[in-house]
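Subject: Structure for you, with notes

Hello,

Here is the structure we spoke about. Please open it next to these notes.

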Amino acid sequence: ATLSLTNCSLQTLTPNAFSLGNSSKLKQLYLQRNMIDTVDTLAFANLPMLGTLDLSYNQLSQVPPALGQLYSLRTLRLSGNRIAALDTTSFSALFSAMLTTLYLDNNNIATIAPNTFGKLSSLQVLLLHGNWLTYVNSSMFTSGSGGGLRYLTTLTLHTNRIARLAAQSFASNSYQCICPAGYSGTNCAT
């Protein structure tokens, strides 16, 4: 089942907001282009089959802890919100064994703490373009065990303010960092 509440001027997601007659069968929930700035910790209770959640283009300033209730979540879209920083607690509540796609593009993200994505061991696609990042290093994309996001195949960082790309920034992942012609040494960009 799919539920779309796109462009409905929603501001707050209250406890059990989606507990409908057949909410346990809900697989896709689209809440983009609202004004959501508050998500109660029980807002997504009783959605065991939810695989796609789209909270893009709202007013969220952090990753909602309520996501921890979504055990089947594969795709999470948080594009176009007001998220300014990501740290190790940003995804700590999220049951991440299933999450393969994470959209964090077009936010205000300026900092990503080491091991922020550590629990997201199945992550294949991570979109971070259109943010305020100025520096990229390998600790941003390593897992808690230091092994990296081994299944990550797509990472977008364009349209940021990256002035320094440290050597080995992507060394622990399954793709290779290739510096532009004329750049070398410990930094790809100097």
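**Overall make-up**

The protein has 0 helices and 13 strands. Both are DSSP runs numbered from the N terminus: helices are H or I with at least four residues, strands are E with at least two. This is a predicted model, in which local features need pLDDT of at least 70 and side-chain atom pairs count only at pLDDT 80 or more, while totals for chains, interfaces and linings use all residues. Residues are numbered from 1 along each chain as its sequence is written, and side-chain values use heavy atoms, with hydrogens and water left out.

The protein has 190 residues, and 45% of them count as buried. Buried means under 20% relative accessible area, exposed means over 50%, and partly exposed lies in between (1.4 Å probe, protein chains only). The protein exposes about 9,100 Å², with 51% supplied by carbon and sulfur atoms. Those areas come from the Shrake-Rupley method with a 1.4 Å probe.

Now contacts, meaning heavy atoms within 4.5 Å. Take those between residues at least 6 apart in sequence: 64% join residues at least 24 apart.

**The sheet**

An open sheet is formed by 7 strands, with parallel pairing. Their order is β1-β3-β5-β6-β8-β10-β12. Two strands pair if DSSP finds at least two bridges between them. β1 (2-4) and β12 (154-156) stand at the edges with a single partner strand each, so one side of each has no neighbour in the sheet.

L53 has L76 in β6 as its bridge partner.

**The core**

The largest nonpolar core has 44 residues. Such a core is a set of buried Ala, Val, Leu, Ile, Met, Phe, Trp, Tyr and Cys residues joined through side-chain atoms within 4.5 Å. F44, L53, L104, F117, L126 and L128 touch the most other members.

F117 sits in the loop between β9 (111-112) and β10 (125-127). F117 counts as buried, at 0% relative accessibility. F117 and S139 are 22 residues apart in sequence, and 9.7 Å apart in space, C-alpha to C-alpha.

Q69 lies in the loop between β5 and β6. Q69 is buried, with a relative accessible area of 19%. Leaving aside neighbours within four places in sequence, Q69 contacts T41, L42, A43, F44 and A45.

Best wishes
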